[in-house]
Amino acid sequence: MARMRKKFDLPEKYCLHCARPFTWRRKWARSWAEIRFCSQACKAACKRGEPAARHTHD
Ligand SMILES: [Zn+2]
């Protein structure tokens, strides 16, 4: 039988830069509300004003 349950019941957000979903991580426990990027690379790229490497439409 198929298991349709999620592995974890953790919050998810979409990265402001690459628009990919990312899941809560332990290191973000204290700052999750402020997290807007999936990685430091995305955060840095956005600060530099680089265009998002998104492959989705707006
Ligand atoms: Zn990202």
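I will begin with how the model is to be read, then turn to the overall layout, and then to a few single residues.

What you see is a predicted model, in which local features need a pLDDT of at least 70 and side-chain atom pairs count only at pLDDT 80 or more, while totals for chains, interfaces and linings use all residues. Residues are numbered from 1 along each chain, as its sequence is written.

The term pLDDT stands for the predictor's confidence in each residue, on a scale from 0 to 100. For this chain the mean pLDDT is 86, and 79% of the residues reach 70 or more. Confidence is highest in β1, at a mean of 96, and lowest in α1, at 94.

Now to the layout, where the chain has one helix and two strands, and these follow the pattern β-β-α along the sequence. Helices (H or I, at least four residues) and strands (E, at least two) are DSSP runs, numbered from the N terminus.

How much of the chain is buried? Of its 58 residues, 7% are buried, where a residue is called buried if 20 or more other C-beta atoms lie within 10 Å of its own, exposed if 12 or fewer, and partly exposed in between, with the C-beta atoms placed from the backbone. As for contacts, which are pairs of residues whose C-beta atoms, placed from the backbone, lie within 7 Å, 35% of those between residues at least 6 apart in sequence join residues at least 24 apart.

Let us take C42, which sits in helix α1, residues 40-47. Why does C42 count as buried? It does so because it has 21 C-beta neighbours inside 10 Å. Beyond its neighbours within four places in sequence, C42 is in contact with C15, H17, C18 and F37. The C-alpha atom of C42 is also 8.1 Å from that of L16, although the two residues are 26 apart along the chain.

Next comes A19, in the loop between β1 (12-14) and β2 (21-23). A19 has 16 C-beta neighbours inside 10 Å, and therefore counts as partly exposed. Its phi is near 65°, a positive value in a residue that is not glycine.

Last, P51 lies in the segment after α1. P51 is exposed, because it has 8 other C-beta atoms within 10 Å. P51 and C18 are 33 residues apart in sequence, and their C-alpha atoms are 9.2 Å apart in space.

Terms used: Two residues are in contact if their C-beta atoms, placed from the backbone, lie within 7 Å.
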